[in-house]
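Please read the points below with the structure open beside you, and look up each place as it is named. The note is written for someone at the start of their studies, and it goes through one topic at a time.

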Amino acid sequence: MKNSIAKLGKRVFILVGIIILFFLSFLLYIHFTDYQPAAKKQLFVNNSIKEAADNQTTYTMLSWNLGYCGLGKEMDFFHEGGKQVRPDKFLFQKYLKGCFAFIESMDDMDFFFFQEVDKSSKRSYYFDQSEMLSDLLVDYNSVFAYNYKVPFVPIPLFSPMGHVEAGLMTFSRAHPIE
């Protein structure tokens, strides 16, 4: 009896040790893969439309946190007290089409400033939204800058967000000087 209790205790101890080792390894992994952008980073303009800004006194712009095109009214987002990380794929595609239809309808804008544009993320079903926006806004110069790039977001615990690559994207009818 004592022998079997000792064997059980040893197995539990080993199991707890493995769990602690796994957890510590995971903490080290996310620490060393944490994206830390440089204080200054050279960004490159796509499209390079050479139209200079004219001397008009009024410009139009749209500044929008796209929320990776996944946060519509039916979405029960976990950071807002809900339970989900992302909507199901059908609902996500509905949100994506709605966002892009709205952007397309704003064709008189001089500037677009977008936040939470996903490049390669589980939460947006790996749609490259930066490429899609560039394809939609072909008459604009564009710049993309990462501000969120992690191999794995472990929350929420039982349905983690997973891989996220996202950033800020700017579109301009005029060619940027710098």
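1. Please start with K94, which forms a salt bridge with E74, the closest N and O atoms being 3.1 Å apart. K94 lies in helix α2 (residues 89–105), while E74 lies in the loop between β1 (61–65) and α2, so the pair ties together parts that are 20 residues apart in sequence. K94 counts as partly exposed, at 44% relative accessibility, and E74 is likewise described as partly exposed, with a relative accessible area of 38%. Please keep in mind here, and in every point that follows, that this is a predicted model.

2. The structure holds 3 salt bridges, and R123 takes part in a network of them that also links E116 and D118. The side chain of R123 meets that of E116 at 3.7 Å, N to O, and R123 forms a salt bridge with D118 in which the closest N and O atoms are 2.8 Å apart. Where do R123 and D118 stand, buried or exposed? Both R123 and D118 are buried, and for R123 the relative accessibility is 4%. E116, by contrast, is partly exposed, with a relative accessible area of 27%.

3. The next point concerns the way two helices pack. Helix α2 and helix α3 (residues 129–136) pack at an angle of about 35°, and their axes are 11 Å apart; the crossing in which α2 passes α3 is right-handed. On the α2 side the residues in contact are F92, L96, F100, I103 and E104, and in α3 they meet Q129, M132, L133 and L136. Sorted by class, this contact of α2 with α3 has 7 nonpolar, 1 polar and 1 charged residues.

4. A student may look at the cysteines and ask how many disulfides the model has. The count comes to 0 disulfides. A disulfide is a covalent bond between the sulfur atoms of two cysteines. The sulfur of C69 is 3.7 Å from the closest cysteine sulfur, in C99, and this is too far for a bond, because the pair of sulfur atoms would have to be within 2.5 Å to count as a disulfide. Seen from the other partner, C99 is in no disulfide, and the nearest cysteine sulfur is that of C69.

5. C69 is found in the loop between β1 and α2, and it has a positive phi of about 60° although it is not a glycine. Y68 lies in the loop between β1 and α2, and phi of Y68 is near 55°, again a positive value in a residue other than glycine. At 1% relative accessibility, Y68 counts as buried.

6. Finally, which peptide bond is cis, and what is its omega? The peptide bond from I155 to P156 is cis, with omega near -10°.

How values were computed: Residues numbered from 1 in each chain as written. Predicted model: local features only at pLDDT ≥ 70, side-chain atom pairs only at ≥ 80, totals over all residues. Heavy atoms only, no water. Salt bridge = Lys/Arg side-chain N within 4 Å of Asp/Glu carboxyl O. Helix = DSSP H or I, 4+ residues; strand = E, 2+ residues; numbered from the N terminus. Buried < 20%, exposed > 50% of the residue type's maximum accessible area, 1.4 Å probe, protein only. Axes fitted to C-alpha atoms, helices over the stretch in contact; angles between N-to-C directions. Left-handed = near helix turned anticlockwise from the far one by under 90°. Contact = heavy atoms within 4.5 Å. Nonpolar A, V, L, I, M, F, W, Y, C, P; charged D, E, K, R; others polar.
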